[in-house]
Amino acid sequence: MLFTRIVDTSVAVGATRSRKAKIGALQTLLAELDSTDIDTVVSWLSGELPQGRIGVGWRTLADIDVAPASVGTLTIAEVDGAISAVATTSGSGSAARRRELLVELLASATADERQFLVRLMTGELRQGALEGIMTDAIAKAAGLELAPVRRAFMLSGTLSATATAALTKGAEALAQFGLEVGRPVRPMLASPAETLEAAWNELDGDVSVEYKLDGARIQVHRSGHDVHIYTRTLREITDSVPELVELIRGLPCTSVVLDGETLALTDSGRPRPFQETMSRFGAQSTHELLLRPYFFDCIHLDGVDLLDEPLHTRLDALARVAPGHRIPALLRPDADAAAAHFDDALGAGHEGVMIKSLSSSYAAGRRGRTWQKVKPEHTLDLVVLAAEWGYGRRTGWLSNLHLGARDPDGGPPIMVGKTFKGLTDALLQWQTDEFPQHERSRDEHTVYLNPDLVVEIELDGVQVSSRYPGGVALRFARVLRYRPDKSAAEADTIEAVRSLLLPST
Ligand SMILES: Nc1ncnc2c1ncn2[C@@H]1O[C@H](COP(=O)(O)OP(=O)(O)OP(=O)(O)O)[C@@H](O)[C@H]1O
C-alpha cells in the first residue's frame with residue numbers, strides 16, 4: 001500500500017472532532033492493510049516508530065531544503081526501510097550518511113507526507129496517541145468485541161501487536177495474550193473523586209482506603225531468582241534500583257507480580273520530594289537515597305494469575321507474600337474512620353488517599369471509578385508549549401510557561417493558561433538548560449517547544465475564557481513539579497480541565 005494512504009487517514013482523523021468519524025477512518029484503513037504492514041502502520045499512527053527513537057532532531061529535518069514530490073509514490077515498506085537505514089547507520093561519518101538518507105526520503109515525499117514524517121520522527125505525533133480510538137477501530141475492523149481487544153492491549157502493552165493479532169488471527173489470537181511474568185502490564189489508573197465521602201458512598205463502603213504516596217509507580221516481576229522492575233510507562237529500571245531487586249528476591253515465593261509505589265524517606269520518616277525519587281531512575285543514579293517499596297496490588301503469585309480476581313483476594317495474596325511492605329491501608333472502614341485515615345495521610349506528608357472497590361478486578365490502562373483518588377487540592381498534568389524569557393530578577397531565565405491540555409482525540413494540545421508561580425531558582429535554571437533541547441522556534445520574547453514535557457500544576461479552579469481556544473482558563477495556577485514519568489499522551493485532557501469549571505462570577 002502507498003504511504004500517502006496513511007498520511008491521508010492521519011489528516012482526516014485530525015480534521016474531524018467526531019469520534020465516530022475518526023474510528024471510521026481508522027477502521028477502513030486497518031481493514032485494507034496487508035497483514036505485513038499492520039504492525040508498522042499502527043505504530044506510526046500511535047506516534048511511535050517501530051525502530052524506537054532514532055535520534056533525528058527537529059533542526060536536522062528543518063534544515064533539509066528539498067522540493068516536495070508532486071505525487072505520492074512511496075510505499076509503506078519503502079518508508080519503513082528508509083527509517084531503519086537511518087536508525088542503523090552509526091560510527092564515523094554516520095551523521096553525513098544519515099542526512100543523505102533523510103534527504104533521499106524527504107525528496108520523494110509530498111508536502112503532506114513530509115509533514116507527517118517530520119512529526120513522526122521528532123516524536124511530536126506521540127502527542128496524538130489515539131489509544132482509545134485505535135482500540136475501537138481495531139475491534140471494528142476485525143469484527144470483534146471491544147473487551148478482548150482492550151485486554152490484549154493491557155497485557156501486551158502495544159497496540160501494534162494487538163492489531164496484528166486481532167486482524168490476522170482474530171479472537172483466539174487475542175486470547176493468547178496472557179499475563180507473562182517478565183512482561184510489564186499497563187498499570188491500572190484512578191479517577192478523581194468528588195470528595196472522600198462521595199467515593200465511599202459510590203462504592204458502598206466495601207473499600208480499601210489507602211495512603212496515596214507521592215513517589216513513583218513501580219511494577220515488579222519475579223520468576224525464581226530473576227527480577228525485573230518497570231516504571232509507570234513500562235520502562236525497565238531494574239539496574240538502577242539494586243536495593244529493591246534484593247528485597248524482592250527475599251520474598252517467600254517462586255513467582256510474583258506486584259504493583260506499588262516507591263519513594264525515599266527522610267531520617268524522620270517523612271517522604272522525600274518526588275524529584276529525588278525520580279532521580280534514582282536515571283542512568284546515572286547514585287544510590288545515595290535508599291528507596292523503599294510500598295505495594296498495593298498483587299496480580300500474580302506462585303504460578304496463579306490474579307488479574308481477574310477481586311481486589312480483596314489480591315490483597316490477601318499481597319499480605320502472604322510481602323506483609324512488611326504494604327501501603328498503609330484500612331479495609332472496609334466506616335465513613336469516619338476513612339476520613340481520619342485521609343487526615344493521617346496528609347499529616348504524614350502524603351498526597352491524599354486512594355479509595356478502591358474491594359470487589360473490582362485489575363482493569364489496566366483505563367481510568368475507571370473502581371479506583372478513586374482524593375486529594376485536598378486540584379492538580380492537573382499539562383504539556384509545556386512555550387516559555388517566555390523572564391524579566392527583573394528572572395532576566396536570563398526561561399520563566400512564564402504556556403500550558404496546554406491534551407486533545408483526547410489526538411489533535412495538538414490546547415492552550416489553557418500561563419504561569420510562572422511556584423518556580424524555584426533551581427527549576428528556572430533547569431528550564432533554561434533543558435528547553436532549548438525541545439525547541440521548535442523562537443521569537444524575541446518566547447521559546448516555543450515541541451509539546452513533550454509534562455508539568456504538574458496546582459490550581460484553584462478553572463474559569464470560562466474567550467482568550468484561549470478551549471474556552472477555559474486556569475485560575476491561580478502554580479507549578480508543583482515536572483513529571484518525567486509521564487509522556488504528553490498521558491497529560492490531562494481538555495475535558496479534565498473543563499470538569500473543574502467554577503460557576504462564572
Ligand atoms: N495506594 C495507591 N494505590 C494506587 N496508586 C497509588 C497509591 N499511592 C500512590 N499511587 C500513585 O498514584 C497513581 C494513581 O493515580 P492516577 O491514576 O491519578 O495517576 P496519575 O495521573 O499519575 O495521578 P497523580 O498525578 O495524581 O499522581 C499511581 O500511578 C501511583 O503512582
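Predicted model: local features only at pLDDT ≥ 70, side-chain atom pairs only at ≥ 80, totals over all residues.
User: Where is Cys298 found, and which residues does Cys298 touch?

Analyst: Cys298 is part of strand E6; strands (E, at least two residues) and helices (H or I, at least four) are DSSP runs numbered from the N terminus. Contact requires C-beta atoms, placed from the backbone, within 7 Å of each other. Not counting residues up to four places away in sequence, Cys298 touches Val256, Leu258, Leu306, Arg314, Ala317, Leu318 and Val321.

User: Which residues of helix H15 are buried, and how do you know whether they line one face?

Analyst: In H15 (residues 311-321), the buried residues are Leu311, Arg314, Leu315, Ala317 and Leu318. Seen down the axis of H15, they fall within an arc of 155°, so they line one face of the helix. The arc is taken from the directions from the helix axis to the C-beta atoms. These buried residues pack against E2, strand E6 (292-301) and strand E9 (352-357).

User: Which residues are closest to the ligand, and which strands supply the shell?

Analyst: The ligand is surrounded by 14 residues, the closest being Leu189, Ala190, Glu210, Arg217 and Met354. The test is a C-beta atom, placed from the backbone, within 6 Å of the molecule. At least two residues of the shell come from each of strand E1 (189-192) and strand E2 (207-212).

User: How does the shell around the ligand divide by class?

Analyst: The shell has 7 nonpolar, no polar and 7 charged residues. Ala, Val, Leu, Ile, Met, Phe, Trp, Tyr, Cys and Pro count as nonpolar, Asp, Glu, Lys and Arg as charged, and the others, Gly among them, as polar.

User: Which residues does the UniProt annotation "binding site" cover?

Analyst: The unreviewed UniProt entry lists Glu210, Arg217, Arg232, Glu261, Phe296, Arg367 and Lys373. Such annotations may be inferred rather than shown by experiment.

User: Why does Glu210 count as buried?

Analyst: Glu210 has 23 C-beta neighbours inside 10 Å and therefore counts as buried. Glu210 is found in strand E2. Leaving aside neighbours within four places in sequence, its contacts include Phe296, Ile327 and Lys356.

User: What makes Glu261 buried?

Analyst: Glu261 is buried because 23 other C-beta atoms lie within 10 Å. Glu261 belongs to strand E5 (residues 255-263). Beyond four places in sequence, Arg217, Tyr294 and Ile327 are among the contacts of Glu261.

User: Which residue does the "active site" annotation cover, and why does Lys212 count as buried?

Analyst: The "active site" annotation in the unreviewed UniProt entry covers Lys212. With 21 C-beta neighbours inside 10 Å, Lys212 therefore counts as buried. Lys212 is found in strand E2, and among the residues Lys212 touches, not counting those up to four places away in sequence, are His350, Met354 and Lys373.

Note on methods: Residues numbered from 1 in each chain as written. Buried ≥ 20, exposed ≤ 12 C-beta atoms within 10 Å, placed from the backbone. Contact = placed C-beta atoms within 7 Å.
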